[in-house]
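I want to look at a helix pair and then at the ligand site.

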Amino acid sequence: MNTSASGREVAFVTGGASGIGRATVARLARDGFRVAVIDRNEKAVNDTVSTLQAEQLDVVGYALDVTDRAGIARAMDTEGRVDVVVCATGVYKPRSFDEVTDEDFRHTLEVNLIGVFIPAQEGARRMREGGRIVTVSSRGALGGLGFPDYVASKAGVIGLTRAMAMELRNKKIAVNSIAPGFTDTPMTRTMPPEQYAAAVELEPGKAPASPEDIANAIAFFASPGIRFVTGQTLFVDGGKSLGGLGI
Ligand code: NAI
């Protein structure tokens, strides 16, 4: 359980086949990790792995649903070592408080919240002292119009991060969260172009974050030097969470 074949630290990244997750996979692999991609989109997993392997990076893929506990446990046992888990899977669908159904709400919580809990718990069970868990919340956790289930799930991620950090601090496992602002990824590009442009206009610099902007912050919380920082949420949103609508 203490060595990977390559001798590198092993990082698991859920949602690692697209957007922020994929940029994180590339960044961590370049930082010297062996990176295991977990994502339900098999084609995108294969594409991510083959593209990065072509750059001689140590990346492997597991096409799995993030709520498939047995599958995730098997993948972690196959790797034989877990140093970092980044939980970057997420789903987002705009709909008003009045429109959202029980089924919609349950699905969002299933992927965005239980889908953080399961890989984090399986990872923590296999981590040694010095392990790191990084969750991906959202600036939307502070509130937002037109996606109440998403807001609730992402506020839940911050609460879960703090709870896990408290449980795991005596084992010296650090658990922190990144809360991105509006980021240019396939998720936000599902918006109609005029809605995407309107959302960008609301950002402080009138530009979205790039997936790499968010991956850089995730890499900080994933680095071995993080050690004494735990239970924190870092907003990576160009300052939008500071407010700015006047007094
Ligand atoms: P994305 O849609 O580009 O990538 C999400 C990935 O998660 C996809 O590859 C998808 O196949 C995978 N996925 C979805 N459900 C899954 C499941 N049940 N099991 C396994 N894999 C599953 O999204 P993006 O934008 O890169 O988002 C990454 C994270 O960042 C999400 O948690 C999202 O909520 C969060 N975020 C994104 C923001 C943005 O503006 N793009 C802003 C704030 C937070």
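Which residues in H3 meet which residues in H4? Before answering, I note that this is a predicted model, where local features need pLDDT of at least 70, side-chain atom pairs count only at pLDDT 80 or more, and totals for chains, interfaces and linings use all residues. Numbering runs from 1 along each chain as its sequence is written, and side-chain values use heavy atoms, with hydrogens and water left out.

**Helix pair.** I found Arg69, Ile72, Ala73, Met76 and Asp77 of H3 meeting Phe117, Ile118, Pro119, Gln121, Glu122, Gly123, Arg125 and Arg126 of H4 (contact means heavy atoms within 4.5 Å). By class, this contact has 6 nonpolar, 2 polar and 5 charged residues (Ala, Val, Leu, Ile, Met, Phe, Trp, Tyr, Cys and Pro count as nonpolar, Asp, Glu, Lys and Arg as charged, the others, Gly among them, as polar). I then checked the geometry: H3 (residues 69–79) and H4 (residues 102–126) pack at about 35°, axes 10 Å apart. Helices here are DSSP runs (H or I, at least four residues), and axes are lines fitted to C-alpha atoms over the stretch in contact, with angles from 0 to 180 degrees between N-to-C directions.

**Ligand site.** I looked up polar contacts (N or O pairs within 3.5 Å). A ligand oxygen is 2.5 Å from a side-chain N or O atom of Thr185. A ligand nitrogen sits 3.2 Å from a side-chain N or O atom of Asp65, and a ligand nitrogen is 3.2 Å from a polar backbone atom of Arg40. The protein covers 93% of the 830 Å² of accessible area that the ligand has on its own (Shrake-Rupley, 1.4 Å probe).

Conventions:
Helix = DSSP H or I, 4+ residues; strand = E, 2+ residues; numbered from the N terminus. Polar contact = N/O pair within 3.5 Å; in protein donor to acceptor, adjacent residues only side chain to side chain.
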